[in-house]
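User: I would like to learn how to read a ligand site and a few backbone features in a model. Please take them one at a time.

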Amino acid sequence: MITILPQTDKEPLNTIGYCAGICWNSPVDDKEKNVKRAKNCIKSGHGRVAEYPDVFCIIEGYSARCIRELYTHIIGTTRLQSSTRYVDAKNMDVDKEFYYPFKDEAADVYRDGLKNIMETYTKLEELGYAKEDAANILPLGMETKIVWKINLRALMHFMNMRLCTRAYKEIRALSLELKEKLRALSPEWEWISDNLFLPKCEAAGYCDEEHSCGRKISKKEMLAAIEEWQKIH
Ligand SMILES: Cc1cc2nc3c(=O)[nH]c(=O)nc-3n(C[C@H](O)[C@H](O)[C@H](O)COP(=O)(O)OP(=O)(O)OC[C@H]3O[C@@H](n4cnc5c(N)ncnc54)[C@H](O)[C@@H]3O)c2cc1C
């Protein structure tokens with residue numbers, strides 16, 4: 001579950017247009033003009049302007065593995081995470097507090113494995129070891145919680161990468177949830193979500209993944225088509 005925090009800028013386009021307007025000596029007291037200016041800046045690829053609005057959110061109920069993938073995004077973002085030193089994992093519910101990509105018999109096998117791990121965790125604590133030591137056995141599939149801050153420019157890139165079908169399904173689900181939560185926040189976020197929070201192929205018009213899902217023309221095919229067109233014209 002993702003909770004958008006009140007520190008999130010509800011008028012990100014107004015903020016962008018305001019800042020850009022100051023640099024152009026333009027009047028900045030008209031919100032409509034600020035929004036229009038912001039959209040033009042973004043569409044023209046003036047990326048720096050999108051670094052002014054920040055998103056603050058709590059992300060919970062996603063696995064530590066998924067959050068580890070999120071952590072590979074280091075530019076324009078920061079986070080605090082649930083402590084594995086001080087939070088006691090002893091009573092974690094193996095049915096509800098772990099990511100389950102499996103069904104039927106496979107889910108049972110996975111659940112048994114989780115139970116074993118959690119029993120070992122508890123035994124280590126009973127043998128007198130601190131939570132921070134016992135925590136070394138915890139699996140990547142366990143749910144965790146972070147407070148995440150990311151600026152709009154970095155978030156656009158994050159969405160381009162993580163809404164792509166090549167991204168793992170859990171982080172794609174996280175990206176989709178964040179997109180929908182922000183979309184509901186204000187009309188400005190609705191525009192941003194619909195126009196800028198897109199998989200990278202939708203943003204670029206072609207796919208640069210080696211193993212493409214085929215939704216868009218590959219980069220190689222696109223370059224070959226341009227070459228053909230240039231030969232004719
Ligand atoms: C399908 C998929 C599979 C992946 N598999 C793996 C994997 O097996 N192992 C793994 O470690 N990661 C993997 N990743 C993560 C991937 O390699 C990137 O680290 C991740 O997507 C973060 O994106 P980014 O590098 O663009 O960083 P961001 O922090 O989102 O950076 C945004 C942009 O800033 C610029 N930038 C970032 N860092 C620097 C820098 N240090 N100096 C200058 N400019 C910078 C780049 O232009 C970058 O695109 C995978 C990602 C995907 C989507």
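User: Which residues surround the ligand?
Analyst: A residue counts as near a molecule if one of its heavy atoms lies within 4 Å of it. Here the ligand is surrounded by Thr-72, His-73, Ile-74, Ile-75, His-157, Met-161, Arg-162, Arg-166 and Ala-167. The model is predicted: local features need pLDDT of at least 70, side-chain atom pairs count only at pLDDT 80 or more, and totals for chains, interfaces and linings use all residues. Residues are numbered from 1 along each chain as its sequence is written, and side-chain values use heavy atoms, with hydrogens and water left out.

User: What is the phi of Asn-25?
Analyst: Most residues other than glycine have a negative phi. For Asn-25, phi is near 55°, a positive value. Asn-25 sits in the loop between helix H1 (12-23) and helix H2 (31-43); helices are DSSP runs of H or I, at least four residues, numbered from the N terminus.

User: Is Asn-25 buried or exposed?
Analyst: Buried means under 20% relative accessible area, exposed over 50%, and partly exposed in between (1.4 Å probe, protein chains only). Asn-25 counts as exposed because its relative accessibility is 74%.

Technical notes
Helices (H or I, at least four residues) and strands (E, at least two) are DSSP runs, numbered from the N terminus.
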